[in-house]
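Student: I have a new structure open and would like to learn how to read it. Could we go through it together?

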Amino acid sequence: MGSSTPFTFSRPGGVPRLSRRGRTVLIVVVAVVLLVIAASAYVSLETDYLWFSSVGFTGVFSRRLTTEIVLFFLFGVPFALIVGANVVTAYRLRPAHRPASQEQQQLEALRSLLHPFRAWILSAVLVVLVLITGSAASGRWKTWMLWRNGVPFGLKDPQFHRDISYYAFTYPMQRFLLGMLFAVVVVSLLAVLATAYLSGGLRPQTAGPKVTPATRAHLSVLLGGFVLLKAWAYWLDRYGLNFSRRGFVNTGASYTDVHAVIPAKTILVVVAVICAGIFFANVRIRNWRLPAIAFGVMALGAIVIGGVYPLLVQQFSVRPSEADKEAPYISRNIAQTRIAYGLQPDTTVKTSSYTGVQPGDVKSLRGDQLTLPNLRLLDPTELPDTFQQLQGFKSFYSFPSTLDVDRYGTGSTQQEQVVAVRDINLAGLASGQQSWINQHLVYTHGFGFVAAASNTVQADGTPVFDESDIPPTGSLASGFQPRIYFGETSPTFSIVGAPAGSKPRELDYPDNSGIGQKNNTYDGRGGVSVGSTWRRMLYALRFKDKNLLFSSGVNGSSRILYVRDPRDRVAKVAPFLTLDSDPYPAIIGDRIVWIVDGYTTTDGFPYAARTSLSSATTDTLSQTRGGRPEGEVNYIRNSVKATVDAYDGTVTLYQWGPRDPVLETWKKAFPGIIRPQSAIPSDLLAHLRYPEDLFKVQRTLLTKYHITDAHSFYAGTDYWRVPDDPTQEQAKPPLKVPQPPYYLTLALPGETSSSFQLTTSLLQNNRPNLAAFVSVDSDPASPNYGTMSVLQLPSNAQVDGPGQVANEFESFTPASTELSLLRNGGSRVDLGNLLTLPLGNSFLYVEPVYVKSAGQTSFPTLKRVLVSFDGTIAYQPTLSAALDAVFGGAAPPSPGPGPGVGGSGGGVGVSPSVAALIAALSDAQAAADRALRAGDLAAYAVAEKKVAALIAQLSAEAKKSSRSAGGGASPSPSPSRSG
């Protein structure tokens with residue numbers, strides 16, 4: 001029986017000892033575990049290397065891996081060696097004779113148990129320390145590389161007058177090193193205490209001396225080292241005050257920090273150095289009384305000088321006159337914030353006064369040829385279902401939940417387009433089609449690029465497609481590669497390629513017969529070759545999929561495509577970038593490419609306000625897109641434009657914009673991976689734009705930092721805010737989500753040509769009225785690219801903001817009457833994006849109205865347009881008719897088939913008689929508004945009587961029409977292709 005156990009005992013109650021069989025089992029188990037860990041690490045590293053090699057960025061892989069390995073051993077091994085050396089020293093300093101006591105008798109049994117294994121236990125602990133410390137250090141590879149490669153900013157902080165690069169690159173490394181040193185001292189101290197207690201050097205319950213002289217000297221050295229590190233920490237704390245949150249602003253040294261905390265930290269440095277010297281001297285003095293007094297003085301000083309004194313200064317000196325005391329430091333915060341976020345007055349941000357009210361006759365504005373012809377009617381958030389029904393063709397093709405806005409053409413012929421690619425979506429496969437072969441070898445890619453003119457629709461309210469269909473037809477480009485092997489919904493991995501002459505397997509698209517299909521064999525250079533058995537085994541282990549190894553569909557010419565989302569590919573080759581949440585596709589030459597905006601950021605810009613990227617970029621669009629940037633920063637630049645080829649996955653990085661020290665630092669760390677801006681092809685340059693997430697961050701900062709006077713900033717009465725999206729406020733249930741910025745082609749007041757702009761409106765802080773309109777030039781061909789124009793209204797202006805206009809639209813009788821009939825009849829009415837545009841001296845609001853009938857195959861179509869200008873509202877079938885009504889132009893024609901009311905397939909569910917009354921009522925109400933604005937009370941009274949009469953007629957006719965129609969709503973058009 002005894003031989004069946006892996007343990008043997010030298011004597012009863014003795015120390016267990018492993019038998020030979022037990023040792024063999026243990027060695028085998030440990031070896032297997034280590035082998036599995038090593039194999040897993042190898043597979044991950046090898047397949048990662050193959051991926052980086054396939055995209056030509058092996059330098060990124062090797063430099064990052066080398067840095068992580070160096071940091072692992074540079075910090076992990078010395079950490080463990082220092083702790084181990086302290087343990088060995090403490091053990092060797094153990095007393096030769098221990099006094100007899102009950103405490104020592106109890107410890108003797110424990111010492112006897114541990115003594116045979118002491119080397120193993122120490123080794124195991126040190127290995128764990130290496131793993132923990134080394135892993136923590138290797139995770140800070142960015143901090144290390146920034147410190148090693150940092151370049152000067154050429155700007156100095158306003159308090160200590162050190163170059164910003166110190167705070168962005170060096171200070172974080174110093175803090176990390178300090179933390180590591182504190183950790184090694186604390187762990188060593190705990191280890192020495194434990195060793196000394198077990199070996200008799202520390203005897204807290206034994207009569208006589210509690211600590212042996214040798215142990216006292218050892219502990220004194222460690223405590224002296226700890227206090228000396230505390231002195232360095234106090235010194236660094238002084239520089240850290242450039243990021244203090246104590247004052248009125250959320251970042252930067254305040255009056256109290258400068259006049260109380262900095263002197264206090266300097267004094268504490270001296271106190272800590274003296275205290276450390278006393279601890280070191282205790283190696284010879286060997287008396288705890290003086291070190292204890294010194295440590296107590298330092299602790300008391302930290303409380304009184306470092307805590308109580310600054311609190312008293314804040315309460316009794318600053319608070320009674322905070323505005324005046326904090327003014328210089330608020331000014332620092334304003335100046336540094338505007339530099340850090342690219343919001344410098346009169347250079348990148350140009351502010352002009354704007355009344356928001358149009359004087360006199362407005363008829364002349366109807367002739368505007370710069371803004372009005374370019375008004376975008378198509379809402380990218382409303383059209384995905386429409387694109388899916390009209391251009392999806394099969395359930396395994398899909399479009400994103402929010403489409404993109406781009407422009408095609410040159411010069412004055414540029415046309416805004418709402419664009420998307422027809423990507424593959426395996427979730428759309430029927431249950432009987434979801435075999436391994438179908439998911440990984442057949443349904444491998446999407447097909448086609450779809451674009452619709454943003455400012456027009458067909459007669460039935462559906463988009464006018466300028467690029468569409470399978471095979472592709474359209475006017476935007478010809479002869480381009482339409483296949484999407486790298487897209488936002490591409491499968492996790494696909495196996496593509498086949499030997500020459502073999503039958504194509506990859507589904508291209510269904511043919512025109514509706515029962516067959518066209519297949520393709522991938523011939524691009526993307527992906528990694530998996531023709532060999534070794535490669536197949538590697539990827540079978542990586543994806544935990546045995547079929548990769550055994551499937552006959554994987555052949556000598558096969559390639560595996562993975563990491564296929566454009567953002568993921570860019571993030572992998574440029575891990576130092578923060579990426580915009582909205583990659584967008586464009587036809588560049590003969591390829592579809594994804595364009596991804598990359599940001600360089602830091603949280604180490606002194607005095608600049610910190611911003612949460614996820615909070616600042618949250619809006620209606622981010623709710624559906626996902627992938628919002630994360631983290632808190634106080635410096636950001638759009639320094640990289642990246643592209644990903646949708647066919648072969650090629651990733652290209654281009655430098656963008658003025659000199660950026662953060663990017664220059666990363667270019668030193670990873671040389672050769674970023675091409676100069678001059679290398680950007682002209683056809684790609686035409687599709688670049690100012691990125692949304694950067695603009696969202698900047699507009700959030702502008703709500704406060706448009707103020708440059710410190711006292712006004714402190715008062716806060718002129719703060720602005722980002723408006724909530726009115727289309728979400730009217731949802732069921734209502735949602736309070738910020739309104740997104742919109743890409744629009746328009747001309748600002750005083751300009752003689754229109755340009756592609758990214759725009760937003762801002763409201764007064766505690767009121768719904770408009771405070772400012774902000775736009776940034778988004779055309780890279782323009783010399784003003786990146787320049788923000790702020791049209792600032794007087795602080796007492798009563799100009800309606802988007803929320804107020806949305807409420808006015810909903811309560812506008814012609815609109816509310818028809819929309820109520822539609823909603824009650826089973827149709828879904830969606831109000832599209834509410835656009836705000838400066839026109840003349842006021843603002844034009846435009847909102848498209850989409851109607852979707854009940855039914856699974858229905859989709860939204862544009863049926864009405866709401867327009868408001870200076871309080872005059874129009875609700876018409878077309879934008880042209882609505883503009884005519886608002887500006888008093890020619891009377892619009894009566895609504896007819898198509899986007900008007902009635903007509904087969906194009907109606908919105910009301911009778912022609914009701915529709916005619918609605919149109920007449922809209923005209924009458926617009927006439928009343930114009931008369932009131934002009935001060936013609938007689939004309940206003942006549943128009944109001946006409947309005948009242950039409951409302952009565954409409955009410956009666958609506959009831960009659962509803963009874964005869966049974967409350968039904970006409971269906972939306974059936975899906976059809978339109979070229």
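Predicted model: local features only at pLDDT ≥ 70, side-chain atom pairs only at ≥ 80, totals over all residues.

Student: How many residues does helix 1 have, and what span does it reach?

Tutor: Helices (H or I, at least four residues) and strands (E, at least two) are DSSP runs, numbered from the N terminus. The expected span of a helix is 1.5 Å times one less than its number of residues. Helix 1 covers residues 20-55, which is 36 residues, and its first and last C-alpha atoms lie 52 Å apart, close to the expected 52 Å. Just after this helix, Gly56 has a positive phi of about 80°.

Student: Which residues of helix 1 are buried?

Tutor: Buried means under 20% relative accessible area, exposed over 50%, and partly exposed in between, using a 1.4 Å probe and protein chains only. The buried residues of helix 1 include Trp51, Phe52 and Asp48.

Student: Which residue forms a salt bridge with Asp48?

Tutor: Side chains of opposite charge can pair when their charged atoms come close. The rule here asks for a side-chain nitrogen of Lys or Arg within 4 Å of a carboxyl oxygen of Asp or Glu. Asp48 pairs with Arg542, with 3.4 Å between the closest N and O atoms. This links distant parts of the chain, since Arg542 sits in helix 13 (residues 533-542), 494 residues from Asp48. Arg542 counts as partly exposed because its relative accessibility is 25%, while Asp48, at 15%, counts as buried.

Student: Where do Asp508 and Arg483 lie?

Tutor: Asp508 is in strand 14 (residues 506-510) and Arg483 in strand 12 (residues 483-484), so their pair ties together parts 25 residues apart in sequence. Their salt bridge has an N to O distance of 2.6 Å. Asp508 is buried at 2% relative accessible area, and Arg483 is buried at 17%.

Student: What about larger groups?

Tutor: Arg525, Arg591, Asp645 and Asp648 are linked in a network of salt bridges. The structure holds 26 salt bridges.

Student: How do two strands pair?

Tutor: Two strands pair if DSSP finds at least two bridges between them. Strand 13 (residues 493-496) and strand 17 (residues 559-562) run antiparallel, joined by 4 bridges. Ile495 has Ile560 as its bridge partner in strand 17.

How values were computed:
Residues numbered from 1 in each chain as written. Heavy atoms only, no water.
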